[in-house]
Amino acid sequence: MLIYLNGKFVPKEEAKISVFDHGLLYGDGVFEGIRSYNGRVFKLYEHLERLYASAKYIMLEIPLTMDEMAEVVLESIRVNQLRDAYVRLVVTRGVGDLGLSPQKCPRPTIFCIADQIELYPSRFYEEGLELISVPTRRNAADALDPRVKSLNYLNNILAKIEGELCGYAEALMVDRNGYVLEGTGANIFLYRRGTLVTPPAYVGALEGITRAGRH
Ligand SMILES: Cc1ncc(COP(=O)(O)O)c(C=O)c1O
């Protein structure tokens, strides 16, 4: 497997980043999870637009144009000879010192992994999947804009752990008032009277590309 890392494709074993990278030290960075089906990338530019918007929100300047980044994604799929792929595209604040300030991080770290992933066993897609609501709240929308897809997933991870501890593969995240927001790594939809409804992003859900519809 070849991984794109800061301008080069390197074997998986060599795809390493510094322990001083702020993506690791502080979760300071942004990412996208992108799919390709049968050799075609699903909504590539929508993902790139969200990536660049997330980066802009955290004042992280990505040193590649959107077209160059598109090529990174496509080339990652091609060099690994994949057709149905899950692509993880990550931009971190880069290597700095142990302080919080990004001012000491001159260059973002960019990497792209094209792999295969089974998010849930196929029986869940056929038989359905039961969720459980868990105590951990999703990050409040007035603390961190939910439209930012950042490397900070700790609330979601805690919710996932709580769900799994109760024997459920997925957890339902709610806000501090108990209103439904989303799953730990997916938006949620309710089918009601012939219509799909989903919470608006501004209350605290990620502005998902799948939920944007119009495919
Ligand atoms: C927290 C969260 N909500 C929703 C989604 C679904 O978003 P999309 O449809 O853009 O993949 C994801 C996907 O990564 C996610 O991590």
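Colleague: Which residue of β6 is the bridge partner of L5?

Modeller: F111 is the bridge partner of L5 in β6. Keep in mind that this is a predicted model: local features need pLDDT of at least 70 and side-chain atom pairs count only at pLDDT 80 or more, while totals for chains, interfaces and linings use all residues. Residues are numbered from 1 along each chain as its sequence is written.

Colleague: What makes β1 and β6 a pair?

Modeller: Strand β1 (residues 2-5) and strand β6 (residues 109-115) share 2 bridges, running antiparallel. Strands pair if DSSP finds at least two bridges between them, so β1 and β6 qualify. As for the names, strands are DSSP runs of E with at least two residues, helices are runs of H or I with at least four, and both are numbered from the N terminus.

Colleague: And how do you know that β1 pairs with β2?

Modeller: There, 4 bridges join the two antiparallel strands. Y4 stands opposite F9 of β2. Their hairpin has 2 residues between the strands, and N6 takes a positive phi near 45 degrees in it.

Colleague: What makes β2 and β4 edge strands?

Modeller: β2 (8-11) and β4 (40-41) each pair on one side only. They belong to an open sheet of 6 strands, ordered β2-β1-β6-β5-β3-β4 with antiparallel pairing.

Colleague: What about the sheet of 3 strands: what is its order, and which pairing does it have?

Modeller: That open sheet runs β7-β8-β9, and its pairing is mixed. β7 (131-133) and β9 (180-183) are at the edges with a single partner strand each, so one side of each has no neighbour in the sheet. Direction ignored, neighbouring strands here are turned by 35 degrees against each other on average.

Colleague: How do you know that β7 pairs with β8, and in which sense?

Modeller: β7 and strand β8 (residues 170-174) are parallel over 3 bridges, with A171 of β8 as the bridge partner of I132. β8 and β9 also have 3 bridges, but in the antiparallel sense, and M173 has E182 of β9 as its bridge partner. The β8-β9 hairpin has 5 residues between the strands, with G178 at a positive phi near 90 degrees.

Colleague: Why is α2 called oblique to α3?

Modeller: The axes of helix α2 (residues 44-57) and helix α3 (residues 66-79) come within 10 Å and cross at roughly 120 degrees. Oblique is what remains once under 35 degrees counts as roughly parallel, over 145 as roughly antiparallel and 65 to 115 as roughly perpendicular, so α2 is oblique to α3. Those angles run from 0 to 180 degrees between N-to-C directions.

Colleague: Which residues make the contact?

Modeller: L44, L48 and Y52 come from α2, and M66, M69, A70 and V73 from α3, where contact takes C-beta atoms, placed from the backbone, within 7 Å. By class, this contact has 7 nonpolar, no polar and no charged residues. Ala, Val, Leu, Ile, Met, Phe, Trp, Tyr, Cys and Pro count as nonpolar, Asp, Glu, Lys and Arg as charged, and the others, including Gly, as polar.

Colleague: Which strands does α2 lie across?

Modeller: β3 (29-37), β4 and β5 (85-92), with α2 at about 175 degrees to β3. Helix α5 (residues 154-165) lies across β7 and β8, at about 130 degrees to β8.

Colleague: Last one: what surrounds the ligand?

Modeller: G33, N156, E182, G185, A186, N187, L206, G208, I209, T210 and R211, each with its backbone-placed C-beta atom within 6 Å. By class, that shell has 3 nonpolar, 6 polar and 2 charged residues.

How values were computed: Contact = placed C-beta atoms within 7 Å.
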